[in-house]
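Dear colleague,

Please find below the structure that I am handing over to you.

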Amino acid sequence: MKLVTHSILLIVVSILNLQSQIRSNDILIEVNEIDNSIFTADKFWRGADGAASIDLENGNILWLFSDTFIDPKGTGKRSNSRMINNSLAIQEGYSLEKGKISFYHKGRQRKPKSFFELPGKTWFWTGHGILANDTLIIFLFEEKSLKEDPGFEAIGWYIALIDNPFENPLNWNIKYIKGSDTFGVIVGSSAVLKDNEFIYAYGVTEPASHEVYLLRFPIDKIVKGDIAGLEWWNEDHWTTRTEKKIAPSPLFIGQTEFSVHYQENIHQYVQIQTYGFGAASIGYRLAEQPEGPWSQPVIFYQTQLKNPRDFVYSANAHPEIQNNGFLVTYNVNNGNFNSLMKNENLYFPKLLSVKISK
């Protein structure tokens, strides 16, 4: 949602459109643009940004979205919609072709409200999350409005704990835990992973500078709402942090939202994000461990925009979806709100099929 302000070395391998195959070092990448009608068909849910996904491990996938348009009358037109700050969806099955998706928000249909809400003037945008010990852990970042550009600022983070995640989301028991002081780092705004002992959450410095850190929580504590065991990765070890001036070394410069997943066929972790602003490109980094060291970014896809005020952001991979490779979503927005309301080719997550191999 914000421009990366740091200079960064990019290995640009190609400009891709529709369908391409490229090779960088020992990695071969095939990219195809695919149909996104799974998101566009609902008459009430008329687009959102964010688009993070979580395997609920019961045959369903949870999708998390931030700013969302809801058409209260179900006319299927964004021009009749209201905007809420977040929503979610449950996809039944792991296939886009065969899966059924249902969207959820709070409030009445005629007066929709955000699914995750705070009292007062701040609001939640969704980060990522994970299922652990049959408890759903969702990271949320708290935003406040600004009078100056860009009009908003991240001021903290929360976790939402759901102890009945396999029920209808409207019946979820949600417990909100306010995050500790992490010195400007919004924990869980991007990818969340787990092993047998820990939940690992990537955090990004906000606003604007986007240094990326990796933090971890003991699973047996976080599922009970105890986040006191938070640790930071610092070069070659895990450590606690009690002062802003004692900062670990960042992993790399990222974006507010990105994904990290383990790609079995190449035996490496893959990080996906956008680069630049406007007609931003999409690239990857590789690492053998979640903490890195991470490779230099490789650009594998260049977006094509029709309007000079359109802009691209928030690329995420979705390895939970069955595909010949993995799926990547990205969002296209417009700096003019009236254009966004009228052009329904915008603001529904776009889909790429990405196959990566050696």
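I begin with Gln 273, which touches Phe 252, Ile 253, Gly 254, Gln 255, Phe 258, Ser 281, Ile 282, Gly 283, Arg 285 and Ala 315, leaving aside residues up to four places away in sequence; contact here means heavy atoms within 4.5 Å. The model is a predicted one, in which local features need pLDDT of at least 70 and side-chain atom pairs count only at pLDDT 80 or more, whereas totals for chains, interfaces and linings use all residues. Residues are numbered from 1 along each chain as its sequence is written, and side-chain values use heavy atoms, with hydrogens and water left out.

Gln 273 lies in strand β22. Helices (H or I, at least four residues) and strands (E, at least two) are DSSP runs, numbered from the N terminus. With a relative accessible area of 1%, Gln 273 is buried; buried means under 20% relative accessible area, exposed over 50%, and partly exposed in between, for a 1.4 Å probe and protein chains only. Gly 283 is 10 residues apart from Gln 273 along the chain, and their C-alpha atoms are separated by 5.9 Å.

Confidence

The protein chain averages a pLDDT of 91, and 93% of the residues score at least 70. pLDDT is the predictor's confidence in each residue, from 0 to 100. Over residues 1-18 pLDDT stays under 50, and the model has 60 contacts beyond four places in sequence for them. Where pLDDT is low, the predicted coordinates should not be read in detail.

Nonpolar cores

A nonpolar core is a set of buried Ala, Val, Leu, Ile, Met, Phe, Trp, Tyr and Cys residues joined through side-chain atoms within 4.5 Å. The largest has 30 residues, of which Ile 272, Tyr 284 and Phe 300 touch the most other members. Two or more residues of this core come from each of β3 (27-34), β22 (268-275), β23, β24, β25, β26 (326-334), α3 (337-342) and β27 (350-357). The element that gives the most is β25, with 5 residues. Another core, of 29 residues, lies apart from it and has Trp 123, Phe 152, Ile 159 and Ile 186 among its members. As for Ile 272, its contacts, not counting residues up to four places away in sequence, include Tyr 284, Phe 300, Ala 315, Phe 326 and Val 328.

The largest pocket

On a 1 Å grid over the protein atoms alone, a cavity is a set of points where a 1.4 Å probe fits but cannot get out, and a pocket is an open set with protein on both sides within 12 Å along at least five of seven lines; lining residues have an atom within 4 Å of a point. The largest pocket has a volume of about 650 Å³, that is, the space filled by probe spheres set on the points, which are joined across faces, edges and corners. Its lining consists of 39 residues, and Ile 130, Val 192, Leu 193, Val 260 and Glu 320 lie nearest its centre. The elements that give two or more residues to this lining are β4 (45-55), β11 (123-132), β15 (185-194), β21 (259-263) and β25 (310-318). By type, the lining residues divide into 18 nonpolar, 13 polar and 8 charged. Here Ala, Val, Leu, Ile, Met, Phe, Trp, Tyr, Cys and Pro count as nonpolar, Asp, Glu, Lys and Arg as charged, and the others, Gly among them, as polar.

Backbone and loops

Most residues other than glycine have a negative phi, and most peptide bonds are trans. Asn 133, in the loop between β11 and β12 (135-145), has a positive phi of about 50 degrees and is exposed at 58% relative accessibility. Phe 183 has a positive phi of about 60 degrees, but this residue, in the loop between β14 (174-178) and β15, is buried at 16%. The peptide bond from Gly 292 to Pro 293 is cis, with omega near 10 degrees. Pro 293 lies in the loop between β23 and β24.

Glu 288 is found in the loop between β23 (281-287) and β24 (298-302). This residue is exposed, with a relative accessible area of 61%, and touches Gln 268 and Tyr 269, not counting residues up to four places away in sequence.

Yours sincerely
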